[in-house]
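My notebook is open and I am ready to look a few things up. Let me bring up the structure and start.

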Amino acid sequence: MSKLRPYQEDILNNVRQAYRDGYQRPCVVLPCGGGKSCITAEIAKQATQKGNRVLFLVHRRELVDQIRQTFFDWGVDLSLCRVEMVQTACRRLTKMPEPRLIITDENHHCLAAGYRKIYDAYPHAQCLGVTATPVRLNGGGLGDVNDKLVVGVTAKWLIANHFLAPYDYFAPPVADLSGLHTKRGEFITAEVMSSLDKSTIYGDVVGYYKKLAAGRKAICYCASIRHSEEMAARFTAAGIPAEHIDGATDKYTRKHIIKQFRDGQIKILCNVDLISEGFDVPDCSCAILLRPTQSLTLYIQQSMRCMRYQSDKRAVIIDHVGNYTRFGMPDDDREWSLEPKKKKKSMVSRAEQVRQCPKCFFTFPMEQVCPHCGYEFPKKDRGDLEEDVGAELTKIEGFTLDYRTPDDCTTYLELLNYAKTHGYKSGWAYYQARNRGLLNDRA
Ligand SMILES: [Zn+2]
């Protein structure tokens, strides 16, 4: 049986205080890796010790067994505590005795119909949510369900106090992702795929891994299942053992693959968004982001998955799809609110406080000199950063990819990207494309 850390105790006390103050549905906010499951386990244990029924809602089948095990180890009385998928709990509403407490894991989903049906069915139950990101996909707040935020320590605090590993963030672009459209708040997968599903780009991703994170255990987040399978095949072909898993991978195979990853026989684990909260491989120290997202929740879950604490570990995040331009750094301090925010504004202003080194793609909070390679930004850059970075990118030097040649490029756009990452003028790409009859491919 384990004990809570002092900052987790504080959260527990603040939750108790919230109920004493008359709130019914507080939501705990704690960064990924802060130990939300320990806090919920302790709360569930104390509730069952008093003879109260608890319903613990998860949104993924894979998490049910895992959380039951955690709760069992923690000493929760599982005869009084049900751990259910939302869909399952919905079907059993009339058959289940009313719980005294409903705990919602990954509480940012709580506005979905299934959750609300459950809350409505048990109007006398106290509710508690936990999440790292109390926001909806559209940036709105959770005020329709929760009545109080209990905000714990920040990601920066967890890093400074050795509960999370520090990290280096690199954001080398591999494709032109400008002009992507969104549907229901997220980028359209087919569009993302048509930009990323190219031989040269797979090659670039493998090349950057070799350059920035060689030998590390990495989780690679892809845009679609096919993308993820292909990425795993490309890594494997390059001599870096990789596997793909998705929701349809059977339990046994998935367990086997994750065990191989844990043991080090597999270096790269490719998936779409399967690997999130609760995935526990402490020496995994690299996240490769290949899925452009509008979801702060996904961004934070995926980028921070490699930051589990180990002494002397320094994680590497490789963001190939510019997610930092939408959300800033993963451990940025954020102001949470139950109210709908004036959309985008806060996120944009945060991204403006981040700058990228045009020489090595190291990405960091505003400083005059790149902490990674020492590149000194020209003084005038302090003003309009977005434009300056664009200008800087056209004169990249010293970070060319030697495994790729112009002959690998099969479209004008790829030639343009090649020119951009190799510091050639766009006229060079035009000339190459014209000579090879590729200009018709422009659209
Ligand atoms: Zn640099």
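Is Ser303 buried or exposed? I looked it up: Ser303 is buried, because its relative accessible area is 0%. I noted the cut-offs: buried means under 20% relative accessible area, exposed means over 50%, and partly exposed is in between (1.4 Å probe, protein chains only).

Before going on, I wrote down that this is a predicted model, where local features need pLDDT of at least 70, side-chain atom pairs count only at pLDDT 80 or more, and totals for chains, interfaces and linings use all residues. Residues are numbered from 1 along each chain as its sequence is written, and side-chain values use heavy atoms, with hydrogens and water left out.

**Entry: Ser303.** I found Ser303 in helix α11 (residues 296-303). The side chain of Ser303 reaches the backbone oxygen of Tyr299 at 2.7 Å.

**Entry: salt bridges.** Side chains of opposite charge can pair when their charged atoms come close. I searched the whole structure and got 11 salt bridges (a side-chain nitrogen of Lys or Arg within 4 Å of a carboxyl oxygen of Asp or Glu).

I looked at Lys217 and Asp283, whose closest N and O atoms are 3.0 Å apart in a salt bridge. Lys217 lies in strand β10 (residues 217-221) and Asp283 in the loop between β12 (268-271) and β13 (284-289), so this pair ties together parts that are 66 residues apart in sequence. I see that Lys217 is buried at 6% relative accessible area, whereas Asp283 is partly exposed at 34%.

Next I checked Arg234 and Glu230, which meet in a salt bridge at 2.7 Å, N to O. They sit four residues apart in helix α9 (residues 225-237), so about one helical turn separates them. Arg234 is partly exposed at 28%, and Glu230 is partly exposed at 26%.

I also found a salt bridge between the side chains of Lys259 and Asp263 (2.7 Å, N to O). Both are in helix α10 (residues 251-263), four residues apart, about one turn of the helix.

Finally, I noted a network of salt bridges that links Arg60, Asp273 and Arg291.

**Entry: Lys379.** Where is Lys379? I traced Lys379 to the loop between β16 (363-365) and α14 (385-393). Lys379 counts as exposed, because its relative accessible area is 62%. From Lys379 to Gln368 I count 11 residues in sequence and 7.8 Å in space, C-alpha to C-alpha.

Key: Helix = DSSP H or I, 4+ residues; strand = E, 2+ residues; numbered from the N terminus. Polar contact = N/O pair within 3.5 Å; in protein donor to acceptor, adjacent residues only side chain to side chain.
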